There are 2 protein chains.
Amino acid sequence: MPQKSTAVSCSNIAFIKYWGNRDAARRIPLNNSISMNLDHATTTTTVAFEDARDDDHIVIGGALANAAQRARVVAHLDRVRALAQIESRARVQSQNNFPMGAGIASSASAFAALSLAATRAAGLELPERELSILARQGSGSACRSIPGGFVEWLAGTESANSYAVSIAPPTFWELRDVIAIVSTAEKKIGSTDGHRAASSSHFLAERVNALSARLARVRRALFAHDLAALGAAIEEDAIELHLIAMTSAPPIFYWSPEMVRVIEAARAWRADGLGVYFTLDAGPNVHLICESKDADQVAARAREISDVRQVIVNAPGGAARLGEEHLF
Amino acid sequence: MPQKSTAVSCSNIAFIKYWGNRDAARRIPLNNSISMNLDHATTTTTVAFEDARDDDHIVIGGALANAAQRARVVAHLDRVRALAQIESRARVQSQNNFPMGAGIASSASAFAALSLAATRAAGLELPERELSILARQGSGSACRSIPGGFVEWLAGTESANSYAVSIAPPTFWELRDVIAIVSTAEKKIGSTDGHRAASSSHFLAERVNALSARLARVRRALFAHDLAALGAAIEEDAIELHLIAMTSAPPIFYWSPEMVRVIEAARAWRADGLGVYFTLDAGPNVHLICESKDADQVAARAREISDVRQVIVNAPGGAARLGEEHLF
């Protein structure tokens with residue numbers, strides 16, 4: 001049994017958002033969501049189960065995990081230990097190539113990579129579906145970072161049927177996600193708390209009702225390579241996530257002046273003929289979705305906005321995979 | 001019959017917003033709304049009906065009315081002529097003491113002042129209710145600028161029962177509306193178009209359903225002088241107006257980076273112990289609601305925000321009234 005294993009996993013950007021749970025403890029969502037993996041926003045994680053170790057040792061981004069991070073990672077390692085029927089404590093080291101907690105779904109790539117690395121290190125070879133179910137329990141959207149390319153998370157009704165599948169490979173459409181990073185600060189309210197608050201919005205039921213039709217529009221637009229149709233649907237959905245957050249009790253404001261400035265710019269560029277559409281996560285950064293032929297121009301214009309600190313251009317990324325170089 | 005008359009009317013800030021009509025042509029709204037008149041944001045309008053004149057002559061803010069303004073004012077003068085059974089054309093001059101079209105409800109004070117001045121110039125003395133009904137047909141929220149102080153617009157079901165009444169006099173509560181003006185540009189999409197678009201938002205029905213309870217909260221908070229309760233309700237309602245606008249098809253974005261910056265600041269001041277709550281209209285400016293004891297501090301802090309160009313502090317204003325000095 002290999003006792004050390006390394007995995008690399010992409011973050012993903014949701015075109016239709018995951019926001020609100022049917023079952024918060026198991027992270028069974030209220031609705032299907034659709035996303036694209038991001039090939040330039042990855043987490044690499046090495047896990048080794050070591051019989052001599054008397055406690056899990058967790059290093060994230062070069063620093064010892066804080067209490068909240070540690071509790072979440074240990075709970076996930078416990079899931080893996082239960083599956084593998086082992087007791088050994090683990091050494092875990094994890095490294096993002098992008099800033100954490102700032103609207104790029106770092107917990108998605110983190111728990112996807114952790115799931116793959118830890119199960120392999122524990123001697124398990126889970127099929128994709130089981131790996132996605134496992135990752136989902138660590139961080140909901142992590143289940144979408146297990147399969148490759150364009151992905152749909154099937155909400156399901158219980159843990160065993162709530163997982164993500166690839167709906168098109170990375171090469172299917174040369175889309176780009178140009179992330180305009182306006183802040184690298186940790187977000188004030190994490191997604192887990194946001195999901196919990198969602199049910200206090202009196203608009204949530206109407207959002208969930210309306211989603212079947214929007215999910216179908218996004219699938220059709222993806223399959224037809226119809227950027228205008230895709231873009232309209234993803235902007236609607238991004239706005240709705242924030243509206244549900246802002247109408248939660250108490251309200252959660254993820255919007256910032258800088259975010260609104262980038263949105264205004266993207267709308268102006270589009271009015272000017274450039275094929276670009278925005279989406280947002282539960283954080284301050286703006287994801288600018290365009291085709292590869294326009295990505296350089298979108299990135300160049302984004303860099304000219306004074307509030308934008310960094311721009312990361314992502315192509316559709318692949319499935320979570322084993323890495324060749326261990327972090328320790 | 002007096003052929004020249006001048007009226008002065010306050011603008012008003014809505015605590016519960018008017019957004020969406022049951023009958024757009026007659027401006028019968030979907031819901032009751034509640035507002036406070038603003039004593040430092042007024043329109044003064046002089047109207048003279050002149051038998052020798054062969055067309056209406058309309059000057060707004062020192063300039064001849066443009067085609068859109070002219071059409072709306074002439075239609076309103078026609079309503080007055082029909083009521084008074086006169087044919088004479090009018091000379092109209094109107095002056096705001098605040099920037100037009102930038103989120104301070106200039107059409108509210110304008111059509112309230114026009115209604116009072118024109119009916120008096122035409123020899124009519126309408127009771128408050130009839131004057132409010134008349135003003136409503138020029139600009140919905142203008143009906144709320146006819147009575148004094150804190151006002152509720154009773155939505156009604158037809159023109160004859162859709163009008164505003166005072167629910168408390170200006171002296172009832174020393175509230176202040178500190179308007180942080182971040183832009184004096186005309187808004188891109190006027191309220192009339194916004195109201196029309198509202199019905200395309202799939203959230204509108206849920207908003208209207210939830211309003212009875214929120215209206216009751218606002219009335220209770222007003223009567224109890226409970227700023228925290230009032231503030232929570234008005235912030236919710238302000239966010240919802242923008243939510244309905246942003247989920248209209250196509251979406252209407254009134255939010256600007258500057259607006260979000262002022263909102264962020266207000267929330268930070270409040271977290272810091274200052275009793276201040278924000279509200280927004282269909283424009284870029286932020287209205288900071290506080291008690292008179294805190295108004296100087298709120299105004300001073302607002303002036304320190306780099307995007308804020310001007311600050312106007314308003315106490316509760318009175319009813320539309322006749323003016324002593326004519327503009328011509």
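With which residue does Arg219(A) form a salt bridge, and how far apart are the closest N and O atoms? In this predicted model, in which local features need pLDDT of at least 70, side-chain atom pairs count only at pLDDT 80 or more, and totals for chains, interfaces and linings use all residues, the partner of Arg219(A) is Glu152(A), with the closest N and O atoms 2.8 Å apart. A salt bridge is taken here as a side-chain nitrogen of Lys or Arg within 4 Å of a carboxyl oxygen of Asp or Glu. Because Arg219(A) belongs to helix α5 of chain A and Glu152(A) to strand β8 (residues 150-154) of chain A, the pair ties together parts that are 67 residues apart in sequence; helices (H or I, at least four residues) and strands (E, at least two) are DSSP runs, numbered from the N terminus. Over all chains, the structure holds 42 salt bridges. Residues are numbered from 1 along each chain as its sequence is written, chains are lettered from A and ligands numbered from 1 in the order in which they are written, and side-chain values use heavy atoms, with hydrogens and water left out.

Between the two chains, 23 residues of chain A are in contact (heavy atoms within 4.5 Å) with 23 residues of chain B. The area buried between chain A and chain B, that is, the accessible area (1.4 Å probe) that two parts lose on being put together, summed over both, is about 2,100 Å², and carbon and sulfur atoms give 70% of it. Phe203(A), Phe253(A) and Pro257(A) supply 27% of the area that chain A buries against chain B, more than any other three residues.

Two salt bridges are found across the interface of chain A and chain B; Glu258(A) forms a salt bridge with Arg261(B), where the closest N and O atoms are 3.9 Å apart. On the side of chain A that touches chain B, the elements giving two or more residues are α5 (204-224), α6 (227-246) and α7 (257-271) of chain A, and the largest share, seven residues, comes from α7(A). The residues of this side divide into twelve nonpolar, three polar and eight charged, where Ala, Val, Leu, Ile, Met, Phe, Trp, Tyr, Cys and Pro count as nonpolar, Asp, Glu, Lys and Arg as charged, and the others, Gly among them, as polar.

Backbone geometry was also examined. A cis peptide bond with omega of about -5° joins Ala249(A) and Pro250(A), and Pro250(A) is found in the loop between α6 and α7 of chain A. In chain B, the peptide bond from Ala249(B) to Pro250(B) is cis, with omega near -5°, and Pro250(B) is found in the loop between α6 (227-246) and α7 (257-271) of chain B. Arg27(A), although not a glycine, has a positive phi of about 55°, and this residue lies in the loop between β2 (21-23) and β3 (28-29) of chain A.
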